[in-house]
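Let's learn how a structure gets its labels. Take a look at the model below, and then we will go through some of the words used for it.

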Amino acid sequence: MKQFSLTDLSNKSGEIVEAAHEGPVSITTQGRPKLVILTAEDYERLTAMADPRRAYSVENMPDPLRDMLVAGLDEIIRSDANEP
């Protein structure tokens, strides 16, 4: 996930919007994540999926939720591989 500071939100809004079209963007304050910007489509997909209080096993997880989980895990693996 790309990260920008709260100051960047004012100074680089166009760049942040473009980055959000590629995936969620973290907005940080003093180096700590405070907000996440994502497309309306991604937000709708997240909120429309299911009751947020429900827990799923991998076997009975809805396909869209499983796809998002796998994509998130792939992103973590890629970011870990790029760290020195």
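Q: Where do Arg 66 and Asp 63 lie, and how many residues apart are they?
A: Both lie in helix H4 (residues 63–82), three residues apart, which is about one turn of the helix. Helices here are DSSP runs of H or I with at least four residues, strands are runs of E with at least two, and both are numbered from the N terminus. A word on the source: this is a predicted model, where local features need pLDDT of at least 70 and side-chain atom pairs count only at pLDDT 80 or more, while totals for chains, interfaces and linings use all residues. Residues are numbered from 1 along each chain as its sequence is written, and side-chain values use heavy atoms, leaving out hydrogens and water.

Q: What makes the contact of Arg 66 with Asp 63 a salt bridge?
A: A salt bridge needs a side-chain nitrogen of Lys or Arg within 4 Å of a carboxyl oxygen of Asp or Glu. The closest N and O atoms of Arg 66 and Asp 63 are 3.0 Å apart, so the pair meets the rule. By this rule the count comes to five salt bridges.

Q: Why is Arg 66 called partly exposed?
A: Buried means under 20% relative accessible area, exposed means over 50%, and partly exposed is in between (1.4 Å probe, protein chains only). Arg 66 has 25%, so it counts as partly exposed.

Q: Which residues are linked in a network of salt bridges?
A: They are Glu 41, Asp 42 and Arg 45. Arg 45 forms a salt bridge with Asp 42, with the closest N and O atoms 2.3 Å apart, and Glu 41 forms one with Arg 45 at 3.6 Å. Glu 41 and Arg 45 are four residues apart in helix H3 (residues 40–48), so about one helical turn separates them.

Q: Are Glu 41 and Asp 42 buried or exposed?
A: Glu 41 counts as exposed because its relative accessibility is 56%. Asp 42 has a relative accessible area of 18%, so it is buried.

Q: How do you know that the buried residues of helix H2 are on the same side?
A: The buried residues of H2 (residues 13–22) are Ile 16, Ala 19 and Ala 20. They cover an arc of only 105° around the axis, which puts them on the same side of H2. The arc is that of the directions from the helix axis to the C-beta atoms. The face turned away from this buried side carries the exposed residues Glu 18, His 21 and Glu 22.

Q: What makes E2 and E3 a pair of strands?
A: Two strands pair if DSSP finds at least two bridges between them. Five bridges join E2 to E3, which run antiparallel, so they meet the rule. Thr 28 stands opposite Pro 33 in E3.

Q: Why does E3 lie largely in the open?
A: Of the six residues of E3, the number buried is zero, so the strand lies largely in the open.

Q: Where is Gln 30 found, and why is it called exposed?
A: Gln 30 is found in the loop between E2 and E3. Its relative accessibility is 75%, so it counts as exposed. In this hairpin, which has two residues between the strands, Gln 30 takes a positive phi near 55°.
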